[in-house]
Amino acid sequence: MGIIKDRFKAKADAANAEIKDLLKEHGTKKIGEVTLAQIYQGMRGITGLVTETSLLDAQEGIRFRGYSIPDLQKKLPKAHGGDEPLPEGLFHLMLVGELPNEEEVNHITNVWQRRSHVPNHVFATIDSLPLNTHPMTMFVVGVMALQTESNFAKEYAKGINKKDYWNPVYDDAMDLIARLPRIAAYIYRRKYKNNEHIQPNGLLDWAGNFAHMMGYQDESFKELMRLYMTIHADHEGGNVSAHTTHLVGSALSDPFLSYAAGMNGLAGPLHGLANQEVIKWIFEMQEQLGTDDPSKEQIADYVQKTISSGKVVPGYGHAVLRKTDPRFTAQMEFGKKHMADDKLVNTVWKIYDTVPPILQSLGKIKNPWPNVDAHSGALLVHYGFVEYEFYTVLFAVSRALGVMASLCWDRALGFPLERPKSVTTASVKLWLEGKDEIWE
Ligand code: CMX
């Protein structure tokens, strides 16, 4: 077995024993109550899942195995001469639960390089789609085509002991992560760069090579990709993409099927597609106002118009967070360091000054602060990456790190099929009248 795989298995065995004891002693303890409103309103605040890789604090934001984003920026190994964390390091942290050293991160880079071969039929499948297909659709179709390579599906068909599920799931997770940048870069070059593809550079790290294959050779763009791939990777387990991957995986659908399902959720405008919606919204504002440098007053008017036409302000609000998303702040700091005078980036900062008080004044929005998607597009546009329909694919490549690390844990911990109880409004009414004992 490989070094990381061995360490993961040892950690998972220890965790399994610990959880067994925990449940034996405390399994009947109640951890909360569920109100009728919660089951009609998106199950907000119901604790119903275990996800080991990260935990979201409403005030502080995301922590990966206890480490905040600023911690990761300080403590994770960097590329030679770089300042941003290598996402390989975050994957190690999420999977094994420990900060890696440089050697361990290099090992993961090498493993992913070795596993990165994408079979031709995947590219042929993507080529069969019309060029005007949304990049997220091309991406998910590409992942589905890659499912032919699933170790788990093959082992399951042969007949595998359930104690060993984690093993081919781990291999699938590593293969999938290794191959996604190739698939994504292929879609980008096919759709936007005249089908002129760029061969991978075997000497680069995972995110650096992704930037290279998309055609961005600037070192600071590679740094942006390292930061981007790190901060978008995981946001605990209840968000649509993570939860869907986990749910579909619980049916023992293999990691390719599970990840593709999760990414169909990421492609929704209330989730990952918000990053494209933000930049589209800013471009439309610039066009309507006839300026690429709008004042705060002009922005405020435009925000009011958006709200009064029954639309959401993209990039603002969150189902759990109640403060500015630290992922937004990390990108703002990157902007200040690399492009402080960029007009579009400055517009994003003016929007940040303008939107929260307006949303707050509506009195119904629980979180008026920006989320991760409010900033990312402007940084990309600075480097000439203007094809905003592609932005959610970048999010998706990063999200694979979190959801695949989690799926390895799901199978190693032997989590069962997920199947919560649902009710009908008719049964709710009967229950309220004391005529239905179904919930007792
Ligand atoms: N602009 C205008 N109205 C907003 C709003 C925004 N940015 N955010 C929330 N609201 C509205 C809701 O639509 C809801 O209105 P109704 O009661 O009329 O239906 C009300 O405020 C209360 O919503 P909430 O409880 O504060 O927010 P939710 O938990 O229901 O939704 C989210 C969270 C993210 C879907 C929502 O804030 C939103 O639509 N934001 C814009 C889209 C976005 O940026 N999504 C990306 C999130 C991060 C990610 O997953 O990538």
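This is a predicted model: local features need pLDDT of at least 70, side-chain atom pairs count only at pLDDT 80 or more; totals for chains, interfaces and linings use all residues.
Residues are numbered from 1 along each chain as its sequence is written, and side-chain values use heavy atoms, with hydrogens and water left out.

View 1. The ligand is surrounded by 19 residues, and His271, Tyr316, Lys364, Lys366 and Asp373 are the closest; a residue is near if one of its heavy atoms lies within 4 Å of the ligand. This shell consists of 10 nonpolar, five polar and four charged residues. Here Ala, Val, Leu, Ile, Met, Phe, Trp, Tyr, Cys and Pro count as nonpolar, Asp, Glu, Lys and Arg as charged, and the others, Gly among them, as polar.

View 2. A backbone N or O atom of Tyr316 lies 2.7 Å from a ligand nitrogen atom, and a polar backbone atom of Val313 is 2.9 Å from a nitrogen atom of the ligand. From Lys364, a polar side-chain atom lies 2.8 Å from a ligand oxygen atom. A polar contact is a pair of N or O atoms within 3.5 Å.

**View 3. The second largest pocket.** This pocket holds about 430 Å³ of space. Of its 13 lining residues, Ile19, Leu22, Leu23, Ile31 and Val50 lie nearest its centre. The lining divides into eight nonpolar, four polar and one charged residue. On a 1 Å grid over the protein atoms alone, a pocket is an open set of points with protein on both sides within 12 Å along at least five of seven lines, a cavity is a set where a 1.4 Å probe fits but cannot get out, and lining residues have an atom within 4 Å of a point. Grid points are joined across faces, edges and corners, and a volume is the space filled by probe spheres set on the points.

**View 4. The largest cavity.** The volume of the largest cavity is about 100 Å³. Among its 14 lining residues, Gln113, Ser116, Ala178, Trp206 and Asn209 are the closest to its centre. Helix H10 gives the most to this lining, with four residues; helices are DSSP runs (H or I, at least four residues), numbered from the N terminus.

**View 5. The second largest cavity.** About 80 Å³ of space lies in this cavity. Its lining includes Val50, Asp234, His246 and Asp410. Helix H19 supplies the largest share of the lining, four residues.

Technical notes. A polar contact is a pair of N or O atoms within 3.5 Å; within protein, one must be able to donate a hydrogen and the other to accept it, and residues adjacent in sequence count only if both atoms are side-chain atoms. Helices (H or I, at least four residues) and strands (E, at least two) are DSSP runs, numbered from the N terminus.
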